[in-house]
Amino acid sequence: MAIRRRVPLPGNPQSPREIAEAISWSRRDFLSLATGASVGSALLSFAPLKALALPRSRKVVVVTFGGGARDEETFMPDGQENIPHLLTELIPQSTFFTQVVNHGILGHYVATASLATGVYETFNNFAEVPPDHPTVFEYFRKDLNRPATDAWVVAPSNGFNRIGESGARSYGRGLGAGVILPKRLLSAALSSGGRVQYAHLLRDNYETPLYTPQVKGSEVDLRQLSEILKVSVDDFTAHARTLSSPDELSVYVARQLMRQLAPSLLWITLHDMDVAHAGAYSLYIEAIQRTDRLCAEIWKGIQSEPEYAGKTTMFILPDFGRDSDSDSGGNGFQHHRTGDPLSRTTWMMVMGPGIRENAVVGRRVQSLDLVPTLGSLLGFSPQQAQGKPLPEVL
Amino acid sequence: MLPSQLKARQFKKYPAEARQLAIRHLDLLRELPASFVPLLLRELIEYDWKFPAERKQMDGQLAYLQSRSADQRQQVMAGFAQLRLTSELERLDWVNAPSLYSEKLAAYFWASHQIDAFRNAAESYIRTVNAATPKEPLPIPRLGIVVVGQGVPETRYPLFRKLRPHGVFFSQVKPANGVKTLLAAVSRRAGAHPIPYSHWYIDGGTGEAISGAGITTVSYNALAPARVALLNRMEESIQSGIGGPEALRTMLHQMRPEEIGLSGAADQAVLNRFQTTLLTEGSGTQIFSTTFVQWAAREAWARAQPLTLLARFAQRQRQRPMNELIASPQEKPALDPQGSLIDADMGAFYTWLNQQRLPGAEQSCFLAWFEDHNQALAISPTLPRHTESSSPVDLEWLLNQLNPS
């Protein structure tokens, strides 16, 4: 085993766990000062009354960052300039959880699958396999007898194409969400002209920056364009030519889905910021800034769609963080390989009708709590999920 | 196979010095836990190509373990011994392919929720061995120098923001002959303390000529043929459709300098092996020169533990937005001066952090400079922290203030 001597860094006398706690407290203190936010634990007694006012046709949009964002570049003082929309537009409307811990595997597909099942999945992050446990989409559709058009996932890469439904017995095939992979769709649309190869557009596995996933099934992709999104190949490619990143394309696709099918459960995974794996700090920062803007655009889009306005709850959460600067085993922002407390600890914001605005919850919760919370919110029973519903938003 | 079943003949494929070392410590290896030995062998198998500082660490680690009684060793290894392994892992050839094994082991620890326990065991072990290892005084304090912003005419980016709390920010530095002055300082130190691999110059571009012997130089442009060869190999592997990112990583891990056009001859073997790993193990080092310099500086500090390191960032290629990629997929990317400056600014911070992780950190000195401009940041035990100075100074004066001799 290689030994790398480590000398305590100046001004860094605490243990990693204490650092994680301190940062969470700092987020909470900052938010309380900046927005006059109230403390969440005082809200619990309001829940039963609030339920009376819930709209009957509630919808949920979940936005995850499939490329972790660190506190240093977001909620810490130097990072706040990167998230103006989250800070000034969304947080004042939301209940904010300052300490969301992920105890699972810190790989994007397996971690996002864990968020969607409420169980720490343990499959190979790079394998094209379905989650082992039922997904939130399956619980939702089976328990509430919802049609296939009512649950959709918009995800960044080929690796995510099995996330819509699990391999679990009595769930699985035919009961899950439709999955749209916008970059794959774009590649299929561009290649349909038979001109140039656009494989480079599909480079999205930033863990290995030059790896290009295989493209299969373009017929299915193009049918998604015309039959589901109601967009012609020409219109789709023309619009893509105006967009600067795959996440912008994902948001465009999500907006089309909202207009055409108005799914009650829509899950969008943004991935641009995972460019951090290439080690270029400026690109990582740009991606955070873009993600911040896109989150605000999604929320504005929700408010502008009659099917969604006033009856949609939106959850925003990174799947996990990234390695801290102080861990000599990592290389700071570039990766999420050490499993240190900062790479496991992140945040979540929830907004929508019936959700207390400008509220901060400082207690530790788990990323697995998302699915049980969605179950309580929408009225289904995620029997195999291991988290607990979050009463602060119910 | 378990460590207790190890036999000398199983090391016959090891390079000469590594084989001797393993066989000399065979009894010790047989007594160590199965979750630990393959990780030790992963380092030991590379012994012939390790820097002197790394060899010293490996020797010291083995000597420490050898010097403990069986009970003491058991205590030191308790964290590793508690980790559960599978019979499938035990069946792998972890003697001859310890890197491949360690990748599978890491995946298993994550999947079985043992990664935190492994992390705790490793940290505790490293602390124990470090505490027991005698500290040798350095002949001179370490000096780290980082040059950022080559070719950037101006910027509004607040440079050295993360470094400022630790030293003095100078806003009126005279830039004339700046690079030459810094290179001369490296040459002087190398001349005065001619210790192999103790003085480094890493450049994100072509690199300047540097006088004197005993300076290890690495440059991004000098490795261009190796990078092209490597990218071609990666492309072939991807196009073959065999395996995904993991297979690609394994292929990169096993790559030898000769396979990407670097010499494996004895006098260059150590450095070329190091340069190969920069490209095969560093993520993004093949495509972004800023990433390359940051990673090379990190690895040089950690592995060679030099007395002097000068890292000069250059401009990296621009990451083209999606709409441009659609419009003109084959066009060669231009450079990104402002983005490169921001990358380098963070790279300077990380270079200082990694320097601070080495022995003698409390005496070490550091200088970061915005090339051809008047902003610099100096850190040393003799300078105040979190201070600004608008006095007109030049880099020679700054180096003297650091006074690392």
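Colleague: How many contacts beyond four places in sequence does the model have for residues 2-16 of chain A?
Modeller: This is a predicted model, in which local features need a pLDDT of at least 70 and side-chain atom pairs count only at pLDDT 80 or more, while totals for chains, interfaces and linings use all residues. pLDDT is the predictor's confidence in each residue, from 0 to 100, and two residues are in contact if their C-beta atoms, placed from the backbone, lie within 7 Å. Where pLDDT is low, the predicted coordinates should not be read in detail. Over residues 2-16 of chain A pLDDT stays under 50, and the number of contacts beyond four places in sequence is 31.

Colleague: And which other stretch of chain A has a pLDDT below 50, with 16 contacts beyond near neighbours in sequence?
Modeller: Residues are numbered from 1 along each chain as its sequence is written, and chains are lettered from A, with ligands numbered from 1, in the order in which they are written. Counted that way, the stretch of chain A with pLDDT below 50 and 16 such contacts is residues 40-54.

Colleague: What average pLDDT does chain B have?
Modeller: Chain A averages 83, with 78% of its residues at 70 or above. For the complex, the predictor gives an ipTM of 0.94 and a pTM of 0.91. In chain B, 98% of the residues score at least 70, and the average is 93.

Colleague: What share of the residues of chain A counts as buried?
Modeller: A residue is buried if 20 or more other C-beta atoms lie within 10 Å of its own, exposed if 12 or fewer, and partly exposed in between, with C-beta atoms placed from the backbone. By that count, 42% of the 405 residues of chain B are buried. For the 394 residues of chain A, the share is 58%.

Colleague: How far apart are the centres of the two domains of chain B?
Modeller: An automatic or database assignment sets the bounds, giving domain 1 (3-132) and domain 2 (143-223 + 283-402) in chain B. Their contact takes four residues from domain 1 and five residues from domain 2. Taken over C-alpha atoms, the centres of these domains are separated by 35 Å.

Colleague: Is helix α12 of chain A mostly covered or mostly uncovered?
Modeller: Its buried residues include Leu370(A), Pro372(A) and Leu377(A). Among the elements over them are β2 (59-65) and α4 (108-117) of chain A. Seven of the nine residues of α12 (370-378) are buried, and the helix is mostly covered.

Colleague: How far apart in space are Ala278(A) and His335(A), C-alpha to C-alpha?
Modeller: Ala278(A) sits in the loop between β6 (265-270) and α10 of chain A. Ala278(A) has 22 other C-beta atoms within 10 Å, so it is buried. In sequence Ala278(A) and His335(A) are 57 residues apart; in space, 9.1 Å.

Colleague: Is Asn145(A) buried or exposed?
Modeller: Asn145(A) lies in the loop between α5 and β4 (151-154) of chain A, with a positive phi of about 55° although it is not a glycine. Lys230(A), in the loop between α7 (218-228) and α8 (233-240) of chain A, likewise has a positive phi, near 55°. Asn145(A) has 8 C-beta neighbours inside 10 Å, so it counts as exposed.

Key:
Helices (H or I, at least four residues) and strands (E, at least two) are DSSP runs, numbered from the N terminus.
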